[in-house]
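Please examine the sequence and the structure below.

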Amino acid sequence: MIINTLLLSRIQFGFTIGFHILFPTLNIGMAMFLSIMEGVWLKTRDPVYKAICRFWTTVFALTFGVGVVSGIVLSYELGTNFGLFTNAVGGVLGSLFAYEVLSAFFLEAGFLGVMLFGWDKVSPKLHYCATLLVMIGTTISAFWIMSANSWMQTPAGYALVAGKYIVTNWWEVVFNPSFIPRYLHMILASYVTTCFVIAGIAAWYLLKQRHVDFARRCFSFAIGAAIVVTVLQLFIGDAVGLEVNKNQPLKTAAMEGIWNTGKALPFLVFAIPDPEQEKNLYEIKIPYMASLINTHHFDGELIGLKSVSPNDRPIVVTVFFAFRIMVGLGILFFLTALCGLWLRLRGQLYNHNWFYRLCLLISPLGFISSLAGWITAESGRQPWVIYNLMRTADGASIVALHQVVISLILFFLAYGVVFIFYLIYLFRLINEGPTEATIDTAMQPPPFTYLGKN
Amino acid sequence: MLLILVWAIVISFAIFMYVLLDGFDLGIGILFPWIKSHQERDIMISTILPVWDGNETWLVFGGASLYAAFPLAYSTLLPALYLPLILMLVALIFRGIAFEFRFRVKNKSRIWDISFAAGSITAAFSQGLIVGTFVQGFGHSLPVNASAYSWFTPFSVMTGIAVIIGYALLGSSWLIIQTVGELQERMYRIAKRSLIALTVMLIIVSLWTPFIEPSIMTRWFSLPNIFYLAPLPVLSGATLIYNFYSLNKRNVQNERLPFLLTTLLFIFSYLGFCISDWPYIIPHAVTLWDAASPPSSLKFTIVGVIILLPFLLGYTFYSYHVFRGKVTQTHEY
């Protein structure tokens, strides 16, 4: 492997975007959760729901701060490190980013202030509007960014003129073939992650017998919502699988470890793909399942990696294992939610410490699963930056190697510090829990007060 | 043609909004070293707590619009400004996280105050380096040598310092509106000193710029341009003097005046910058017309701008309206 600007730029972009993804993943779900809880509070005026809103809003705010600063980096890093790529696709992707900022970022930022600090400055209904608008903003933001990313996977609606991509049909660009299933997949991944974060933290309170009333309602809602979103995710995940095989068969080949094109292929529970020998070692397989999953037919045909030359293949090991981690964790989430449903139906949701411990244990795994899914999608697209059209190697900026070394070190240091302190403060918030003050608004002073306002 | 011009105006507007709004945010961080009390720092930061994130969104909008409307400029300028941009982004990270993190520390630890101040100063300086580099340009034709350190010259270092001072002035005049008593008193004094320093910097920059690039000299000093453009420096001078007067007089009825005059000063300086640079988007090398996206993209995106920009300006204003008024004390968050 040669250390060059391209490699370091890719490491840097992968690192910074992988770091960034964690925060919106939590907050897309958290914004939805807060919208629902605040709605329930407005309807019932039950102070526990108010406490739920206040407490999770602090978690949301902390997460949002890190999400914002790590997101700004990306909007410039595309240009600094992938100038040739951005020059070619500016007419297509630049517009989608502009729409993302106009329709989503400003909306989120504009109403975040009211949502976080406006509890006693605007009426409860107006505050609820602000919360809803922030939630809508996070969801629209994911819409545009997933559309842009999906266009890189399945480009459509363009013409290639003198090395530049020119849009011929905007509808086809935005709603490119892979967009809808991938967007829903991402949103649901976010909901699943958030459900288990909330359930895990609530389970911890319940294990410690702290804030019991508060924690039970959070736990009940999160475990209840988890069964809905994990089941939906099984269906959407399946739809994404079909879509990938249809539009990017080589990605499917890497995900499933298929070297030779064939029919009625088995699903590999475990294997070590060996790109040198172009075969898998130590296979454990379930017959017919790969064909069934990816084509919905037992004898469905799947394209093999050997159908293209080695330098047109993704790095199989990465895609293969990332895919298994994502799916494995997804199934674990589904089974846990199912277990919760079963306990609830028997009236024993709050009777078992082992279930609390299980929920606590898996609460951070949604992030691992989301990251693994993202690695599957992006590594599986390689060596292309625009699938089958432009190679990643042809997209990098021409900057001096040492400059990228400097930036890479700076980002490692900065994000390392940010991540450590984010976790410290997150755990501190969780440890403090919903304080008495947050239950009764009148006792909770705002972070600052004003003079001379009538 | 018209569409390209409209886009150039939209991007110029976005960049100006960023400079103005994040300018006073960053200015507050720049002033931190001069304000030692924890309580006063709390008040200062509280005046921007609900709005900073929206202010910084203009930076993302500027970047995204440049990418959408002038991809050639986006993909040429950003690598050419690689290190100052990365420095700015990393500084903005340390500045941005301080907003949330400093309310979480126990026993009044100052670590995030330092992070906030250092981040703000570094970000402002990097932006100044970028402005200076923009005036200098990268030569008169493509390709731009992205590995050169053309952004690091005496001129760009000076514009870097000028931007720090300018933001300090914006920040202190913002705090004049937002605070009372002793803190406001100090802000008046700091604003006055910043204004003096900025005046010196503006004079140096204005005199130096024409010698950096012959075309800028021609732009300003050839006939008949000199007559058309002369009002700009005259108006800037008048605004400077009026601002001194307003800071000296401290009209309680009109505490917004210094901030408005400083804004006006930024508008004039920005216009001067645009006039010097016109019609280039990659300075002195590529014009707006040569770097623009295909018409299909310009049209598609301008629809969004026309529909959404009034709305977002509306709710941005609403947010400022909700959190208007003087901040007098802070509590644990």
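Of the 333 residues in chain B, 53% are buried, where buried means that 20 or more other C-beta atoms, placed from the backbone, lie within 10 Å of the residue's own, exposed means 12 or fewer, and partly exposed lies in between. This is a predicted model, in which local features need pLDDT of at least 70 and side-chain atom pairs count only at pLDDT 80 or more, while totals for chains, interfaces and linings use all residues. Residues are numbered from 1 along each chain as its sequence is written, and chains are lettered from A and ligands numbered from 1 in the order in which they are written.

Chain B contains 14 helices and three strands; helices (H or I, at least four residues) and strands (E, at least two) are DSSP runs numbered from the N terminus. Its radius of gyration is 20 Å, close to the 20 Å given by the globule rule for 333 residues, so chain B is as compact as a globular protein of that length. The radius is taken over C-alpha atoms, and the rule is 2.2 Å times the number of residues to the power 0.38. Within chain B, 20 of the 20 residues of helix 5 are buried, so this helix is largely enclosed by the rest of the structure.

Chain A has 14 helices and nine strands. For its 454 residues a compact globule would have a radius of gyration near 22 Å, and the value of 23 Å for chain A agrees. The C-alpha atoms of chain A fill a box of roughly 70 × 55 × 40 Å along the principal axes.

How many residues of chain A are in contact with chain B? There are 64, and they meet 66 residues of chain B; a contact requires C-beta atoms, placed from the backbone, within 7 Å of each other. Helix 3 of chain A gives the largest share of the chain A side, 24 residues. That side comprises 41 nonpolar, 20 polar and three charged residues, with Ala, Val, Leu, Ile, Met, Phe, Trp, Tyr, Cys and Pro counted as nonpolar, Asp, Glu, Lys and Arg as charged, and the others, Gly among them, as polar.

The largest nonpolar core has 246 residues, and those with the most contacts inside it include Ala226(A) and Leu89(B). Such a core is a set of buried Ala, Val, Leu, Ile, Met, Phe, Trp, Tyr and Cys residues joined through C-beta atoms within 7 Å. Helix 3 (residues 83-117) of chain A supplies the largest share of this core, 22 residues.

Notes
Contact = placed C-beta atoms within 7 Å.
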